[in-house]
Amino acid sequence: LDFKRCWLKFCLRTSLCLVAMSSAAPNQAQEAVLVQCTEQITSETVKGHDFNKGADLGAVLESYARVGFQAMHYGQAVKEIEKMLSWSLAEDPVAPDEDEEYQTKEQREKVRTKIWLAYTSNLISSGVRESIRFLAQHGLVQVLVSTAGGVEEDFIKCLAPTNLGDFALDGATLRRKGWNRIGNLLVSNDNYVKFEEWLGAILDKMHDEQEEEMAKAAAAKEPWQPWTPCRFIHRLGKEINNEESVYYWAWKNNIPVYCPALTDGSIGDMLYFHSYKRPGFVLDLVGDIRGVNDQAIRARKSGVIILGGGVVKHHTMNANLMRNGADFCVYVNVAGEFDGSDSGARPDEAVSWGKIKVDATPVKIYSEATLVFPLLVAQTFAKRYHEGTSYAQLREKLGPLQFDKSLTAAEQEQARKRLYNPEAKA
């Protein structure tokens, strides 16, 4: 009996002890989990769209800036493009050594950001082509950079349609049918036959013109000016004579189109076959590299929008290196930086090369461009166009806009100071 009483007392005391121990968490755990804040977070709070207030798409997109993740990057990209479109030289102080012509507000308001749009070929194959065409049609961008596919697919669509398909369609089956798959799009081989028939006749005409120009130059004992890919693309835009074409409007509005890999596609195939049929046709890449770099050097402010990666991204950013970097920059792609490729490189890597200015606020949206770019156009370029405040309407109000203007000696010195001393005033 005494043993039982002692045992019960022991169990009771042990239980009370365990209850006491469990009533308070260990101090070490509390300190680790509940770290005291030393200062308050002052950035904007996270908040999405309240659909109780309606389903207006514009309001939804405006809310993206506070949603977080890539939606927040989207909102930052809208802001960056707005900065491109709103800037004029009138915002900057007049330099002490400024030319008299540019000392008036009226003249300074005409000097605007030169906007570059670079895109990979798949985006012309997709319905993003119509967004790009809108920008070229109304002269809302000043330089285009693309690939061979980004050029030829535009003309092919003027001759025959591209159709919707599926990512999972069997390649061997499609091959036997003569259908080519671009992601979840389909292009018939017949489309390329039509393109080659159209281009073949034009190549002969252009070759005739080159020989005539060379003969005239030789007779005058003057150097012949070779054709560049840019001039070649403008000529095709003129020949297609179709308002659905991006490059019809590029030719019409004298927007240069740079394509450093012009031979990497059906156009290259046609040039290859033409070289056997009739050797001697010339396209001068050196002329275009000089042209694209000069576009950057002469720009007073440079803003770039790059959809995708590869050659179009590097070609555009390398041109902007010639001016110590773009002032504004938006990337849209899904590539990561971890393989060291330029396609996936974040804007900060371009800053290290001098391709984006050190005091710029560039944005990268990690997204597939067909999801994002039409929305960006809707909230910026198209919104301004329909409100009457785009470059198109500014031309009507102010007269021809100016995108090329050199820095004065004083401004160049100030830019050098800002590069190495972030505290230097603009």
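This report describes the sheets, helix packing, pockets and cavity of a predicted model.

## Basis of the description

Because the model is predicted, local features need pLDDT of at least 70 and side-chain atom pairs count only at pLDDT 80 or more, while totals for chains, interfaces and linings use all residues. Residues are numbered from 1 along each chain as its sequence is written, and side-chain values use heavy atoms, with hydrogens and water left out.

## The six-stranded sheet

An open sheet of six strands has the order β6-β2-β1-β7-β8-β9, with parallel pairing. Helices (H or I, at least four residues) and strands (E, at least two) are DSSP runs, numbered from the N terminus, and two strands pair if DSSP finds at least two bridges between them. The edges are held by β6 (257-258) and β9 (363-366), each of which has a single partner strand, so one side of each is left without a neighbour in the sheet.

Within this sheet, six bridges link strand β1 (residues 114-119) with strand β7 (residues 302-307) in the parallel sense. Opposite isoleucine 115 stands glycine 303 in β7. Helix α4 packs on the sheet and touches β1, β7, β8 (328-333) and β9, its direction making about 140° with that of β9. Contact here means heavy atoms within 4.5 Å; axes are lines fitted to C-alpha atoms, for helices over the stretch in contact, and angles run from 0 to 180 degrees between N-to-C directions.

## The three-stranded sheet

A further open sheet consists of three strands in the order β3-β5-β4, with antiparallel pairing. Its edge strands, β3 (163-164) and β4 (179-182), each pair on one side only. β4 runs antiparallel to strand β5 (residues 185-188), and four bridges join them. Arginine 181 has leucine 186 of β5 as its bridge partner, and isoleucine 182 has leucine 185.

β4 and β5 form a hairpin with two residues between them, and glycine 183 in the turn has a positive phi of about 65°. Helix α10 lies across β4 and β5, running at about 50° to β5.

## Packing of α8 and α10

Helix α10 (residues 189-219) also packs with helix α8 (residues 148-159), at an angle of about 100° and with the axes 9 Å apart. The two helices are therefore roughly perpendicular to each other, a term that covers angles of 65 to 115 degrees.

On the α8 side the contact is made by Glu152, Glu153, Phe155, Ile156 and Leu159, and on the α10 side by Asn191, Tyr192, Lys194, Phe195 and Trp198. By class, the residues of this contact are six nonpolar, one polar and three charged. Ala, Val, Leu, Ile, Met, Phe, Trp, Tyr, Cys and Pro count as nonpolar, Asp, Glu, Lys and Arg as charged, and the others, Gly among them, as polar.

## Pockets

On a 1 Å grid over the protein atoms alone, a pocket is an open set of points with protein on both sides within 12 Å along at least five of seven lines, whereas a cavity is a set of points where a 1.4 Å probe fits but cannot get out; lining residues have an atom within 4 Å of a point. Grid points are joined across faces, edges and corners, and a volume is the space filled by probe spheres set on the points. The largest pocket has a volume of about 1,200 Å³. Its lining comprises 39 residues, of which Lys301, Lys357, Leu407, Ala415 and Arg418 lie nearest its centre. At least two lining residues come from each of α4 (69-86), α14 (285-298) and α20 (409-420), with the largest share, eight residues, from α20. The lining has 18 nonpolar, seven polar and 14 charged residues.

The second largest pocket holds about 300 Å³ of space. It is lined by 15 residues, and Ala65, Met72, Gly75, Gln76 and Lys79 are the closest to its centre. Both α3 (57-63) and α4 supply at least two residues of this lining; α4 gives the most, with eight. The lining divides into five nonpolar, four polar and six charged residues.

## Cavity

A search of the whole structure finds one cavity of 30 Å³ or more. The largest cavity has a volume of about 40 Å³ and is lined by Leu85, Leu140, Phe381, Arg384, Thr389, Ser390, Tyr391 and Leu394. Helices α18 (381-387) and α19 (391-398) each supply at least two residues of the lining. Five of the lining residues are nonpolar, two polar and one charged.

How values were computed
Parallel < 35°, antiparallel > 145°, perpendicular 65-115°, else oblique.
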